[in-house]
Number of protein chains: 2
Amino acid sequence: MSWIISEAGRQLEKTIDFGNKFLIGNGYFGYRGTMEEYGKEELPACNLSGIYDQQGTAWREPINAPNGLYTQLFVEDEPHDLRTGEIVAHSQQLDMLRAIHQRKTVFSGRAGKVTIESDRFASSTDNHLLHMIYSFSLEKTARVRLVTGIDGDVWDINGPHLFDYSYYSESRTIAVTAVSGELGHKIAVADTISLSFEGEVRIFETEKGLFRQIEFIAQAGKSYHFTKAVAVYTSQDVEIPLEQAIKASFSANKTGYKLAKSKHVEEWKERWTMSDVLIEGDEKAQLALRYSIYQLLILAPQHGQTTSIPARGLSGQTYKGAVFWDTEMFMLPFFLHTDPETAKNLIKYRIQTLDGARAKAAEYGFRGAFYAWESQENGQDACSDYNVTDVFTNRPMRTYFRDKQIHISSAVAYGIWQTYVMTDDRSLLLNGGAEVILECARFYSSYAYYQAEKKRFELVDVIGPDEYHERVYNNAYTNKMAAYTIDIAVKALEALRDVPDYREALIRKLDYQEDMEQLAAMNAELYVPEPNDETGLIEQFDGYFKLEDATVEAVRSRLIDPKEYWGGAYGVAADTQVLKQADVVLLLTLFKEEYTEEVKRKNWQYYEPRTEHGSSLSPCIYALLACDIGDPEWAYPYFMKTASVDLTGESKQFAGTIYIGGTHPAANGGAWMAAVLGFAGLEIREGKITVTPQLPEKWQKMSFKIQVKEDVYQVEVTKEGGNIWKQ
Amino acid sequence: MSWIISEAGRQLEKTIDFGNKFLIGNGYFGYRGTMEEYGKEELPACNLSGIYDQQGTAWREPINAPNGLYTQLFVEDEPHDLRTGEIVAHSQQLDMLRAIHQRKTVFSGRAGKVTIESDRFASSTDNHLLHMIYSFSLEKTARVRLVTGIDGDVWDINGPHLFDYSYYSESRTIAVTAVSGELGHKIAVADTISLSFEGEVRIFETEKGLFRQIEFIAQAGKSYHFTKAVAVYTSQDVEIPLEQAIKASFSANKTGYKLAKSKHVEEWKERWTMSDVLIEGDEKAQLALRYSIYQLLILAPQHGQTTSIPARGLSGQTYKGAVFWDTEMFMLPFFLHTDPETAKNLIKYRIQTLDGARAKAAEYGFRGAFYAWESQENGQDACSDYNVTDVFTNRPMRTYFRDKQIHISSAVAYGIWQTYVMTDDRSLLLNGGAEVILECARFYSSYAYYQAEKKRFELVDVIGPDEYHERVYNNAYTNKMAAYTIDIAVKALEALRDVPDYREALIRKLDYQEDMEQLAAMNAELYVPEPNDETGLIEQFDGYFKLEDATVEAVRSRLIDPKEYWGGAYGVAADTQVLKQADVVLLLTLFKEEYTEEVKRKNWQYYEPRTEHGSSLSPCIYALLACDIGDPEWAYPYFMKTASVDLTGESKQFAGTIYIGGTHPAANGGAWMAAVLGFAGLEIREGKITVTPQLPEKWQKMSFKIQVKEDVYQVEVTKEGGNIWKQ
């Protein structure tokens, strides 16, 4: 059964890894796969979406809410704790079908074998709620002391973020509120429990937490349990989050765990009906792909939420909880094809943060919208000018992700236009989408320089997707995406012709009349590097082919310190052709209809051995293009690498000296793309749906659903061909 | 008497320093101030001008000829050697008036006190000749063995460069030839001696040298001496350099040391008559300034030679013996005002190397002439892409001096135009000068980008004089100099109007018709940063004022390793406002008539405390501008620093791990500029000569000569004013 992810045995060395692997979530928060008894050293987190705090000059990062699931069982004063206890058996699993995390541990102690079990889920029907049922039984009768409550002493990377804790308790409900240091956000967590037994209850507070202690004599062989309904609200949601949290937690408890769970499971069933991709003949691939889809589903902003998805999902504070181009370029396609409403929520986040992008452009002396490389709320850019630490000197290194990775704005425009085309929902354009596209195009026209002798516009001094090469000229991907942005700006203006009043008002509001002429000029004269006539190769940027043609292995062997940064001015890759991740190959994948198969094949073959895949965004793109040129066996290992990244935990955990672990939703989205758009070869063009299957050897069949506008289609693909029917 | 530079005592730790300090030369070669008995460990050198060799992939550098002065005296088989002998007294001095190096050492040994004296000079009348008289006397009668000859085992930084040694001897003449490894240049050194005594002579060769051994019994108290005429020729001078060297050495010996010396001294007297600058009231300044002028005079390409002057003069192989912008911007003014023929020789070097500059422009995809940052013969650029070594990793660091320091071409154009204007010699323009200026202007028009929104041309991604800040946009100095180049290109074309055939032919040859339109456009629209209306400050480059405003001392305190490079991507100065050397202040100095005194004062005051003066080109410029704004007391310490740099030896000896010591002709030229153009305030505009004295407190009077066109003027300046009369 390919719905269960599980691990057996204590494996304490993998505590951080399992925290990521067994993550649950509902778009509003992620809850890491840690044990109920863990403290902040084990990196538990109820990681909130779209709410950030900065401590001093450290990096700004999302807030982790107080941990409402905290529970610790003492038997005859002996803690029964996975970290320290004597363990007979332990297992942890994720039921992806129902999105439930399960834990079972058998301890051995004074009361003989003590079994603890818990089920938890992040409610998919009310995304402020986190439910748990916790049960235990003892081999011998003994006095037990159960401590359960809200632990506000949370794990932070650049914290602390929470101050001014206050406590509330009434009957079976307790609550903790705290205030964030920078902006004074209020975070409230309330927790209501129902016990299956009676005991002596005492409420106690610590410096940063509020707990109940319940003491009683547990009988041998008898099973005891309690349920917990935790509600999380912030002042971004409601004016008085404490009130709302208490109310929600109380009411959820009243509804009862069972009913909440059945609604949750029902909802997930529906999601899976629409999202699942069945693979026949490859259990391992099936599990990995499903897991990738699960990850996307727990991150999706539901219920009208208009946040986006951070690069490490909701698995913690790494990557500052910021939203990257990952969302539009790697995750959006999954939602666009299976859940267009969520896709629109993601897009709305960019529309809402347009002013932040405008401010960033202005900061650098440009016009239009220069989106944040690492976007937090209001579109402010969390990206530092010093994003890497030099391992030799321990000094911060000046990096150019923030100021030179200008392709970010094109990703935003691309996402909006793709969503508009797929959904045919013109309101997207009218409610800010067109404005964003126009402002992104304006940014490129403001950034571009005209080379009079070559009679062309150029984009100089940029960083492309391959971040190992800084400050390059005419990065093929960047120039192509900028050209695309300008093209869709012109098309968007065209598309608004039948709402002339709106169109005129928009042009007037943006003072866009002159820009339209400049766009026309750039549309004609923006330089986009073309495949070389003889070799068929597109040069990644001006002068790339003149760089030393060293192998990835040769470059790796030059490292003095395994943690040193490959890029930057003097990194081992900087003066070689070794690239971090798909760059020209990404361009060819996105615009595959514009290039011959020969060009795509030659570039794949050229760039593939030179790619280090130092980013989890890379392998899926190599898989996609390999499918496109008819080589699924080239694609397969890249697909598996992409789909398994969070299962194996084999991803980069450190950049320089900085922890960057967590989940990889872009890779998850890439796995779906590689499967559906790659192996199945799904294409939707002008309303026509086609498949061009390129199944790997052992895959007999794939089946999945897609939504196009209002209609849902069932797609079945074999090596011989495919069937598509409307449902 | 302010004509003598001397040092007493052995001071072996200063051997390298004294090699620089007591340098003699004649434009064709420099001969370091080392002792006759020294071997290559003490860095002796007969450093040749304009002839280079590369060994493997090491840096290309000038060739040191075999050392024709090598002489060692043994008394009863005991070497009398400054390095090892027992010393009673030792002194070394430079008689600047006569350009003669003198040495006197009193040893104590088996023959009692033994006195060795030598005089040497690099002939100013025949620059292939090096003369020496060597004398000795013993306190007690003893057997002496004198070894004197040609030591071909020369000091090299990136050698060896000489191979295939062959030897010749006939009567009192011996000669050594060798062939350079890369290009097969032949180097011939011949040496003819005349002895004042008789002895048993034996000729012997070593692997790389040919020597005579002369044995005899020296009588107590009697003085013995011999003279030596050394001739150096290369296959760049004549077809068979050996023949020529033998002939010249033989003939010089026949003429005799005395007559040769009197002619040499006569010639130097004339030079000093024209070049000397008298300062009354400040002996120290007088000596330092005279020493600076001496340095320039020993480097000047005389006798129609069309080489230029390397950045470390002819003091050795440091800085690859290459010619930098130093020549045009820092040395040329001295020659232009005192010896216009030499100025023209310097200019001709650039005209002759135009093709090299064209090739460099083409290499980077540009048109026109992009002169070598470090020019060797034929204008090839000796500058490496990796000019600095990282002290932490020992890896070469990618530097951008070669490809981004584009102001070099403007320096060449500036030098030509200044020379043309000063000499009114149109043949300079007709014999290549105009062509160089047009090609330099074309290079800038090819390099420039048009910013459509700002409606201006920009020079992006450059390095200005302040090399600590790499890859900056719109460096004020660079843009101004490029604008100047374009302006004089237009003027040069104007100046050629009355030779219409030549003009047409040139335009046709260069295919320059279209460029003329582009020049007109750039002349109108090239962006040159202006002083800010409120602050009066010119921003060194886009964004400079946003950098951290740290003091030089604060930045210095951040060094982890004293040898680490301040610039580059991550150097301690890179993200601060600390600059290596005069940049905006240089611009204001060169174009002082275009800016108000207030602007000049404000910028001087702003940039001065932020300047590290990590280059010897910097202090003189601060002195010049300080004089211009009427603050000679601000100028004085900078003048003294400039004028004394090679006297004190207090200059940077290492860049990273690389030895960069040697003499500093640009600083020497700067000292002259600071004195004559600064303190005396000499200006020549449209034939009119004026002075605006700003003498330092203790200077009572300055007097000097200048040549304007064919006329020589005597200038006398006091605090009250000046007198100028034609001679």
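Hi everyone, let's start where the two chains meet: 36 residues of chain B are in contact with 37 residues of chain A. Keep in mind as we go that this is a predicted model.

How much area is buried between chain B and chain A? About 3,000 Å², and carbon and sulfur atoms give 43% of that. On the chain B side, the residues that lose the most area to chain A are Arg395(B), Tyr449(B) and Tyr570(B), which together make up 27% of what that side buries.

The rule finds 20 residue pairs in polar contact across it, counting pairs where both residues are at pLDDT 80 or more. Which elements of chain B each supply at least two residues to the side that touches chain A? They are helix H10, residues 426–447, and strand S22, residues 449–451. Of the elements in chain B, S22(B) gives the most to that side, with three residues. Sorted by class, the side of chain B that touches chain A has 14 nonpolar, seven polar and 15 charged residues.

With charged residues in view, here is a bit of background: side chains of opposite charge can pair when their charged atoms come close. Across the interface of chain B and chain A, the rule finds four salt bridges. One salt bridge to look for joins the side chains of Glu453(A) and Arg367(B), at 2.9 Å from N to O.

Let's step back and ask how the two copies are related. Chain B can be laid on chain A by a turn of 179° and a shift of 0.0 Å along the axis, with an RMSD of 0.1 Å. Why does that matter for naming the symmetry? In chain B, the C-alpha nearest the axis belongs to Tyr450(B), 2.4 Å from it. Both copies use the same surface, too: 100% of the contact residues of chain B recur in chain A.

Next, salt bridges in the whole structure. Over all chains, the structure holds 108 of them. An example inside chain A is the one between the side chains of Asp381(A) and Lys360(A), at 2.7 Å from N to O. This pair links distant parts of the chain, 21 residues apart: Lys360(A) is in helix H7 (354–363), while Asp381(A) is in the loop between helix H7 and strand S20 (388–389) of chain A.

What does the record say about chain A? In an unreviewed entry, UniProt lists residues 22–236 of chain A as "domain: Glycoside hydrolase family 65 N-terminal". That span is 0% helix and 61% strand, and its end C-alpha atoms lie 28 Å apart. UniProt, again in an unreviewed entry, lists residues 682–721 of chain A as "domain: Glycoside hydrolase family 65 C-terminal". Here the span is 0% helix and 55% strand, with end C-alpha atoms 11 Å apart.

I'll finish with some backbone details. A cis peptide bond joins Gly159(A) and Pro160(A), with omega about 0°. Pro160(A) sits in the loop between strand S12 (142–151) and strand S13 (162–170) of chain A. In chain B, the peptide bond from Gly159(B) to Pro160(B) is cis as well, with omega near 5°. Finally, Asp77(A) is not a glycine, yet has a positive phi of about 65°. Look for Asp77(A) in the loop between strand S6 (71–75) and strand S7 (78–80) of chain A.

Key. Residues are numbered from 1 along each chain as its sequence is written. Chains are lettered from A and ligands numbered from 1 in the order in which they are written. This is a predicted model: local features need pLDDT of at least 70, side-chain atom pairs count only at pLDDT 80 or more; totals for chains, interfaces and linings use all residues. Side-chain values use heavy atoms; hydrogens and water are left out. Contact means heavy atoms within 4.5 Å. Buried area is the accessible area (1.4 Å probe) that two parts lose on being put together, summed over both. A polar contact is a pair of N or O atoms within 3.5 Å; within protein, one must be able to donate a hydrogen and the other to accept it, and residues adjacent in sequence count only if both atoms are side-chain atoms. Helices (H or I, at least four residues) and strands (E, at least two) are DSSP runs, numbered from the N terminus. Ala, Val, Leu, Ile, Met, Phe, Trp, Tyr, Cys and Pro count as nonpolar, Asp, Glu, Lys and Arg as charged, and the others, Gly among them, as polar. UniProt positions are given in the numbering used here, feature names are shortened, and annotations may be inferred rather than shown by experiment. Copies are superposed by least squares on the C-alpha atoms of residues with pLDDT of at least 70 in both.
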